[in-house]
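Please open the structure in your viewer and keep the selection tool at hand.

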Amino acid sequence: MWPIARLRLAGLSDTDRARPVDGWRRWLFHPIMLFLSRAVFFSMGFLWIKVKGHQAGQNEAAVLAVAPHSGFLDMLVLCVAGLPTVVSRSENTKLPVIGALLEFNQSVLVSRKDPESRRKCVSQIKERLTSNGYWPQMLMFPEGTTTNGQALIKFKPGAFLAGVPVQPVLLRYPNRVDTVRWTWKGISWLQCLWYTASQLYSNVTVEFLPVYMPSLEEKVNPDLYADNVQKLMAKTLGVPATSYVMEGSFPVTKLGGLSLPLEPPAGETLKMLRCQGFSTVQIKAVINTMIDYCHSGQSITITVDHLTSLLGLTDKHTAVKICSLYSKLYDSDGDGLLSAADLSNLMGALVGIPQYNVGEIYSELTSKGQGTE
């Protein structure tokens, strides 16, 4: 695929690359790339792709809104849809092969760290979606990140900014063993790839829903448009439509200008302790004991063994679950230490805006030793 991707745009000026590729470069290279793309997923075990409904043409729906977004293997929907253009992080252009494929696709590129890049991306999306067929159909994952598919998180407004009709597209993986979904927690993307390749075959269903025609109110309010399409798709999938969004690697809910963690560990901890028969008085006593233990200088971390002892439990199961709640929320690599990246993600989740310049704060926090969760 790599040499085909490079050959398609070889010899074109920057001005030519800024226009849709047509002529012999399209009718020669596009079918070859479509065949090779399907071959990639065939080799991964997607021997057949079940398609329900019919894909609308570019004049009927300028954008395909695909959900739920479960992992990088979702890109197989591009094969079904005829390789429409996509939106991608500009950092991906530096990846081997992937960068060439994004160039072939004439993707809209955006840097999440650069406000100017985000504004330019919005302008490009609007231009393409309102080009009346000059640009090919676009495909977008409005969730903006991968989830476990048990709910649809809040749709980002990008696919709905132009106020043009969209066609919702549903992705399902009806397999007994789920090896496809990759949500940044748990197994790595390489393990995901390995487990999927280890199956004799994997099932996937792509369902094209009827084109959604926005109302006048939705055309002037992209957030309302996005929410209504999200609810429609969630209802068809039989899952909840939530208002949660992802900030960094944290699921959060918006409250004014702040973002609040979706599942506060304290609340979950209290539920588990009450299920174990602990009263409010007993819980307060345990918490005070842990605080005193840390303040005494004996330790800066409560371990599973120590928590089991403090709670007087006969097994470690509850203590392991409580510790994992906090580790999963704040400690990305599970080593018990708070890295600069962990701090950046945590602060981004709390204030709702990615925080990249935390070096000075992190240095101050760790001046007396490595920070812990």
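## Cysteines

This predicted model contains zero disulfides. Select C121 and C275 to compare two cysteines: C121 is buried, at 6% relative accessibility, whereas C275 is exposed, at 70%.

Next, select residues 63–67, which form strand β2. Five of these five residues are buried, so the strand is largely enclosed by the rest of the structure. Display the side chains: V63, A65 and A67 point one way, while L64 and V66 point the other way. In a regular strand, side chains alternate between the two faces of the sheet.

Strand β5 (residues 138–140) runs parallel to β2 and is joined to it by three bridges; within β5, M138 is the bridge partner of V63. Strand β6 (residues 166–172) also runs parallel to β2, with five bridges between them. Here L170 of β6 stands opposite A67.

## From A67 into the loop

The peptide bond joining A67 and P68 is cis, with omega of about -10 degrees. P68 lies in the loop between β2 and α4 (77–81).

## Two residues with positive phi

Move to V97, in the loop between β3 (85–89) and α5 (98–105). Although V97 is not a glycine, its phi is positive, at about 65 degrees. V97 is partly exposed, at 39% relative accessibility.

Finally, select N132, in the loop between α6 (115–129) and β5. N132 is likewise not a glycine, yet has a positive phi of about 55 degrees. Its relative accessibility is 72%, so N132 counts as exposed.

Note on methods:
Residues numbered from 1 in each chain as written. Predicted model: local features only at pLDDT ≥ 70, side-chain atom pairs only at ≥ 80, totals over all residues. Heavy atoms only, no water. Disulfide = S-S within 2.5 Å. Buried < 20%, exposed > 50% of the residue type's maximum accessible area, 1.4 Å probe, protein only. Helix = DSSP H or I, 4+ residues; strand = E, 2+ residues; numbered from the N terminus. Pairing = 2+ DSSP bridges.
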